[in-house]
Amino acid sequence: MPAPTRAVAAAASGFSRRLVPGLRPQLASLSHLLPPTATAAPSTAAATTTTTPSPTSPTSRCHSTFSSVNPNEVSHFTALAAEWWEPHGSSRLLHLMNPLRHDLIRACLAESSPASSSSSSPSSSSSSSTGTSTGIPDASITYLDIGCGGGIFAESAARLPSTKHVTAIDPTPSVLAVAKAHARKDPSLAGKLTYKLTSVEQLPVPTADGEGYDVVTLFEVIEHVDDPAAFLDRVRPLVKPGGWLVMSTIARTWMSWLTTNLIAEDILRIVPPGTHDWNKYINEDELRGFLAGKGWDSAKVVGVVYVPGLGWREVKGSEKVGNYFFAVRKV
Amino acid sequence: MASNRALLASPRFVCRSCSRQARSSSSYRRSYATTSSPSHDIYDVVCIGGGPAGLSLLTALRANPTTSRLRVALIEAQDLSKTASFSLPPTQFSNRCSSLTPTTAQFLNTIGAWPHMKRSRIQEFHEMQVWDGVTDARIEFDWQPGSYASQGNVIAYMAENLNITSGLLRRIKELGGVDVFDNSRVEKITFGEETEDFDLREWPVVHLQSGKSLAARLLVGADGANSPVRAFAGIESRGWDYGRHGVVATLELEGDGWGGEYRKTAYQRFLPTGPVAMLPLPGNYATLVWSTTPANAALLKKLAPKDLIALINAAFRLSPVDLAYMHTQSTGQDDELAWRTQHTHFDPEAVPQMVVGVQEGSVASFPLKFRHADTYIGERIALVGDAAHTVHPLAGQGLNQGQGDIQSLVKTIEYAVAHGQDLGTQMSLESYNSERYAANHVLMGVCDKLHKLYSVESGPLIPLRSLGLKAANALGPLKSFFMEQASGRGLRV
């Protein structure tokens, strides 16, 4: 038994993003993403407890999702969060994945505004300040990053010349504190990046048509909410018509069960048992189902695989078995 | 076998660090600033060192549309206006020359610097003659029919370093957007402070003696073999001294080469004391790079011109025994050569034309070293060129390695910028280190082994190395392979 299991583990390593401890702080923050009404189900609480692995005090993490965060957890998150930006820390694979998110978003924006690339030539002193290689005008895109965690994506989005502004939200104070502290290390982010301690529901919903964000991102979020379809309905008003909703998640397959649940939790025990709620993983066709008939189009799917030594690679068809990005445009 | 890849003596003379004032490296150790006046100017890239590597980095960053909006600064101890106004009559050449591979020349062209160089002062060559001074085993390099034929079959271009740097400076001026602090001594490098608005405690801050301070998202050390930036980053550089000095000089020859003006040849002879090389410059001129013992180097520097000329001619013609004797003379090499040449058999067209003059003031020497930094990157730190690696000049790869570093680093920075990464973080810089470290390591190892192989005067290595040269010479395809390596067109190591 052990021999074949190891073999499978090796073969499946490409899909083992859920094994990465670095994802845990981000997941932890997600448990607070929704207001009590949306997260009252016991299973969410279970997910919450399991996303905060602490070898020293596993029981201290059993807390209510909705209460204010207890001191133990604050210190625990702070410890985890401190590693968020370590190049060889537990979030390394998330850092490595981040550029691929931008490649997808760039492809989306290029598709939605082919005409805008030639217009709007800023009068900056730079000789080539019109979005350059991207073809996207400078300071034109607004982002909302839901469940921003330590800010890996939010910071990178704010640095792009084409970005007008990034609003990044997360409901966990300690995690958001890390994000804010880290953003202070880069003066270029000032004025372009705003962190908010809030849930989606507390965000003001755009009233007029044409308001909202050009790009709303849900990275490593959707599989941790109880009712993804309802959640996506709540997110929809935040997206500007013609704007994009971009997500990343993991498919619910025998492979992801093997890598994230059986191997990570039960065999290798690098993740406390119960961390992953495999039942909440979402397959690409299910995601399509949630969004069907609700005013989305131009769906794009990119399957990605982590290859040790090479990094994340786009692999056609891998969205059916493991990690994938999913983007749709609001009609 | 790999020995034949490296063929040219590189005139990577006069270590820049020498002109950079020896400073106590301890003052560059990491230290936390305690001042509370955080009025630093904030830059994306601050490059210390205005040599070929540093200047081409800034040129490339400015020429690239993705990186052109970065705020960049150059700090250089010397007066760059003197470099920029480099101008010599066609009968004079600086003794600091480099061989540029076609790959390097192409890169300089891509970033728009090549057209700013004085083309009439650059000499390409199409052939190389390399031979063993002990056995006379020889390998001749010229392009075989059917081999890589573009770029006019140029093996390499000989150019004065000043021609390169002045061309780069003109290109930088044309592009604009680089804050140049020349004539500027670096007083110290510290870390920044935390203020109400920002936290720059992980940002290197370069303090100039003028009182100006520059905070760097990425601090690039293009500051030579004794790199203060490397010391600040706490990166070790390991290696050894060869116990050899490189002697350089600008030579005048009896003619413009056996192949005439349009078919120039580079010559290199491996002597037991080290390789001696003569690389063609335009017209009747050539540049000498002679790696030899410090004692011999001292002698060469103080000989009267006619005796120095005789000793250089002897170095390409006489036996190592004769040559060793002539090094014991304090004068009279001129007569000695005339007498000994009569008793030495050699093909006059297989060696360079006779040297008839040495440009006044062009004889100089510098110690040869092998150094390799443990890593090229740190948090908000990147090392390029000699700051990262110092190589034996016998393959003429020093400057080319640095240009390879720049191409890779700019590509890395471009990727980071295009994907919103903080370009200074170690994670963003990883691909630069992984791409260049192994490549430089292989090349440096080959040059080092070549030097050691040909330092042996007797024993079983001698016939073996000669056999290697002769066998390689007989095999056309093999030679083409070696030449493509030497000219940077081969497999990218």
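**Exercise 1. Is A:Glu220 buried or exposed, and why?**

Before starting, a word on the model. It is predicted, so to speak of local features we need pLDDT of at least 70, and side-chain atom pairs count only at pLDDT 80 or more, while totals for chains, interfaces and linings use all residues. Residues are numbered from 1 along each chain as its sequence is written, and chains are lettered from A and ligands numbered from 1 in the order in which they are written.

*Step 1.* Recall the rule: a residue is buried if 20 or more other C-beta atoms (placed from the backbone) lie within 10 Å of its own, exposed if 12 or fewer, and partly exposed in between.

*Step 2.* Apply the rule. A:Glu220 counts as buried because it has 23 C-beta neighbours inside 10 Å.

*Step 3.* A:Glu220 sits in the loop between strand 4 (213-219) and helix 9 (228-235) of chain A. Helices (H or I, at least four residues) and strands (E, at least two) are DSSP runs, numbered from the N terminus.

**Exercise 2. Find which residues UniProt lists with A:Glu220 under "binding site", and describe A:Glu223.**

*Step 1.* The unreviewed UniProt entry lists A:Glu220, A:Glu223 and A:His224 for this feature. UniProt positions are given in the numbering used here, feature names are shortened, and annotations may be inferred rather than shown by experiment.

*Step 2.* A:Glu223 also belongs to the loop between strand 4 and helix 9 of chain A. With 25 C-beta neighbours inside 10 Å, A:Glu223 counts as buried.

*Step 3.* Now list the contacts (C-beta atoms, placed from the backbone, within 7 Å). Setting aside residues up to four places away in sequence, A:Glu223 touches A:Thr249, A:Ile250, A:Lys280, A:Tyr281 and A:Ile282.

**Exercise 3. Compare the surroundings of A:Arg101 and A:Phe219.**

*Step 1.* The unreviewed UniProt entry places a "binding site" feature at A:Arg101, A:Gly147, A:Asp170 and A:Phe219.

*Step 2.* A:Arg101 is part of helix 6 of chain A, whereas A:Phe219 lies in strand 4 of chain A.

*Step 3.* Check burial for each. A:Arg101 is buried, with 26 other C-beta atoms within 10 Å; A:Phe219 counts as buried with 23 C-beta neighbours inside 10 Å.

*Step 4.* Not counting residues up to four places away in sequence, A:Arg101 touches A:Phe153, A:Phe219, A:Ser248 and A:Phe325. With that exclusion too, the contacts of A:Phe219 are A:Arg101, A:Phe153 and A:Ser248.

**Exercise 4. Trace the 8-stranded sheet of chain A.**

*Step 1.* The 8 strands form an open sheet in the order 3-2-1-4-5-8-6-7, with mixed pairing. Two strands pair if DSSP finds at least two bridges between them.

*Step 2.* Find the edges: strand 3 (193-197) and strand 7 (311-314) of chain A each pair on one side only. From one strand to the next, the twist averages 20 degrees; angles run from 0 to 180 degrees between N-to-C directions, and axes are lines fitted to C-alpha atoms, for helices over the stretch in contact.

*Step 3.* Look at one pair. Strand 6 (residues 296-307) and strand 8 (residues 323-330) of chain A run antiparallel and are joined by 6 bridges. A:Lys300 stands opposite A:Ala327 in strand 8 of chain A.

**Exercise 5. Describe how helix 7 and helix 9 of chain B meet.**

*Step 1.* The axes of helix 7 (residues 305-315) and helix 9 (residues 333-342) of chain B come within 7 Å and cross at roughly 35 degrees.

*Step 2.* From helix 7 of chain B, the residues in contact include B:Lys306, B:Asp307 and B:Ala310; from helix 9 of chain B, they include B:Gln333 and B:Leu337.

*Step 3.* By class, this contact has 4 nonpolar, 2 polar and 4 charged residues. Here Ala, Val, Leu, Ile, Met, Phe, Trp, Tyr, Cys and Pro count as nonpolar, Asp, Glu, Lys and Arg as charged, and the others, Gly among them, as polar.

*Step 4.* Zoom in on B:Gln333, which is buried, with 25 other C-beta atoms within 10 Å. B:Gln333 and B:Lys306 are 27 residues apart in sequence and 8.0 Å apart in space, C-alpha to C-alpha.

**Exercise 6. How many residues of chain A are in contact with chain B?**

*Step 1.* The count is 20 residues of chain A in contact with 17 residues of chain B.

*Step 2.* On the chain A side, the elements giving two or more residues are helix 6 (92-112) and helix 7 (152-159) of chain A.

Terms used
Two residues are in contact if their C-beta atoms, placed from the backbone, lie within 7 Å.
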